[in-house]
Amino acid sequence: MKRALLAYSSFILLFLYIPLMILALYSFNDSRINAAWKGFTLHWYVDLFQNEAVIDAFWNSLLIALVTTAAATALGTLCALGLHTYKQRTRTMMSGLMYVPILVPDILMGLSMLLVFSQLHWELGKLTLIVAHITFSISFVVILLSARLASMGKKLQEAASDLGATPWQTFRYVTLPALLPGIISASLLTFTLSIDDFVISFFVSGPGSTTLPLYIYSMVKRGITPEINALSTILIGMVVILMILSEKFQTKGTDGRKGQLPF
Amino acid sequence: MRKGRLLALPAVVWLAVFFLLPIGFVFVLSFWERGTYGELIKSFTLQNFGRVFDPLYGRVLWETLKIAILTTVLCLIIGYPFAYTVTMVSKRRQSILLLLVTIPFWINFLVRSYAWIVILRSQGVVNTLLQKLGLIHEPLQLLYNTPAVVLGMVYTLLPFMILPVYVSLEQFDKQRLEAAYDLGATPWQAFWSITLPLTMPGVAAGSILVFVSSIGMFVVSDMMGGSKVSLLGNVIQNQFLGARDWPFGAALSFMLVLLSILLIYLYYKVVRRYSAAKGGEEV
């Protein structure tokens, strides 16, 4: 029975990964038209790096992701620290509310922000993208860091106060260093979410603010080419590396407990 | 540390302004009217909701529900045994397996659907292979139909099912299983009468995540269904970015939210019922 289940599970993992591997494999295929293997080439990657629209999309994505990460991590960290001082009941309720933006369908979040931006007469562009990305990232940061603060307990802080540390010193030399791996993990996650987002960006982007996923979409609509494979492979590579790094920091210095993301 | 409370304020204000307010505005807008040029006219009309039940959109709604139900059932059938297997291996391997399931989850729907386009399109991997082998002469139409959309949905949403089911399998009291075996239950009996009922909260959570995500999905159906399969998400997207009938789009999105809330309510009923069966423990 166990063997059958293990075999079955390997099959499911293949189902999850083979399409991504084929996608990556064909970014190295020396044929523009079809899937017959014509030999290994880096041609499509070279093309990408000479394509100005791709370079622009890359810089847009990077800029948006960096600003989003800085802002969402700051807002989210402060929020988690603030919530931590609340009474148990209020805290539970507030962290429950933090799940709502994660559970709301992306499409609704995207279109609702499009509505408000247009009512405010904000021109759609990098700024609206950054605002939208910060909005969907904050919850993730708060949830990850709240869990970390909860698992840290209050003993260390109390010990610091007993030894005569001021609240600021306690924060600076005790809480912050203990929280740091969590903050790094949350910022890596935010960066990934931002650089990878398609649905919400689709609604709130304007001319001149195309990001990498949006560019991939417009390429697919024009026709399937190996460049799309190459660009998708780069995006997948970034997400995988960032997620593995984030995972490493998430459990660092704790008893292995993590923030429960609502999957 | 009284002042500490204020630290939460900026994020809470941010979410109120850029999350709650916009969602509230969608609700208000669903009662407004659309002007001749797509401009918004403040009024109070129910006609947008009336249109939702127009046969044309009724069919879209029905197609959306059908695909969502099929996707949820398939994810459950495929995902449950996988989650079960994960709990059987060593702790170290468990975390590796879970990481392997979560990684695709973070890659966006667009790229994951595109991967299937590479495989299934008429000059794609499958058709090229079959033609080389001489099994077919004309490429098969594997994309741009309902089965392709369901495949894409199951592929992208499977992690949503596996992770909550895994959590509930991990948490339930294994002593009950031992008790069942001591009383002479076969593995199948133990599974059907102990494991499955006790992991219902996980099954319900996973099903809701899959279902809610699939009714709001427009990327997979747009990419893999082409113009052939139009779902609620595609119609909503089109009202906002194409047809520019925002009030109607808002009414449609509102139906989407109602449907989701209804399901989450059902979820709590299921969880309550099964936690009551466990002797009133909180889940």
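Student: In which loop does B:Tyr144 lie?

Tutor: This is a predicted model, and in it B:Tyr144 lies in the loop of chain B between helix H6 (125-132) and H7.

Student: Why does B:Tyr144 count as partly exposed?

Tutor: B:Tyr144 counts as partly exposed because it has 18 C-beta neighbours inside 10 Å; a buried residue would need 20 or more.

Student: Which residue of chain A has a positive phi, and where is it found?

Tutor: A:His121 has a phi near 60 degrees, again in a residue other than glycine. A:His121 is found in the loop between H6 and H7 of chain A. It is exposed, because 6 other C-beta atoms lie within 10 Å and the limit for an exposed residue is 12 or fewer.

Student: How is the packing of two helices described, and how do H11(A) and H5(B) pack?

Tutor: Two packed helices are described by the angle between their axes and the distance between the axes. For H11(A) and helix H5 (residues 109-120) of chain B, the angle is about 35 degrees and the axes are 10 Å apart. The crossing of H11(A) and H5(B) is left-handed.

Student: Which residues meet in H11(A) and H5(B)?

Tutor: From H11(A) come A:Pro213, A:Ile216, A:Tyr217 and A:Val220, and these meet B:Leu110, B:Val111 and B:Tyr114 of H5(B). The residues of this contact divide into seven nonpolar, no polar and no charged.

Student: With which residues is B:Tyr114 in contact, leaving aside its neighbours within four places in sequence?

Tutor: With those neighbours left aside, B:Tyr114 is in contact with A:Leu23, A:Val220, A:Ile228, A:Ser232 and B:Met223.

Student: How many residues does the largest nonpolar core have?

Tutor: In soluble globular proteins, nonpolar side chains tend to be buried together. Here the largest nonpolar core has 149 residues. Those with the most contacts inside the core are A:Met113, A:Val142, A:Leu145, B:Tyr114, B:Ile162 and B:Leu232. Helix H7 (residues 146-171) of chain B gives the most to this core, namely 17 residues.

Student: How many residues of each chain are in contact with the other chain?

Tutor: On chain A there are 62 such residues, in contact with 66 residues of chain B. Several helices of chain A each supply at least two residues to the side that touches chain B, among them helix H3 (52-84), helix H9 (167-196) and helix H12 (226-251). The largest share, 12 residues, comes from H1(A). By type, this side of chain A divides into 48 nonpolar, 10 polar and four charged residues.

Student: What does chain B contain as a whole?

Tutor: Chain B has 13 helices and two strands. Its C-alpha trace spans about 75 × 75 × 40 Å along its principal axes. Of the 283 residues in chain B, 43% are buried.

Student: Where in chain B is confidence lowest, and where is it highest?

Tutor: The mean pLDDT of chain B is 86, and 96% of its residues reach 70 or more. Confidence is lowest in strand S2 (residues 40-41) of chain B, at a mean of 81, and highest in H7(B), at 93. Over residues 279-283 of chain B the pLDDT is below 50. For the complex, the predictor gives an ipTM of 0.87 and a pTM of 0.88.

Notes. Residues numbered from 1 in each chain as written. Chains lettered and ligands numbered in written order. Predicted model: local features only at pLDDT ≥ 70, side-chain atom pairs only at ≥ 80, totals over all residues. Contact = placed C-beta atoms within 7 Å. Helix = DSSP H or I, 4+ residues; strand = E, 2+ residues; numbered from the N terminus. Nonpolar A, V, L, I, M, F, W, Y, C, P; charged D, E, K, R; others polar. Axes fitted to C-alpha atoms, helices over the stretch in contact; angles between N-to-C directions. Left-handed = near helix turned anticlockwise from the far one by under 90°. Core = buried A, V, L, I, M, F, W, Y, C linked by C-beta atoms within 7 Å. pLDDT = per-residue confidence, 0-100.
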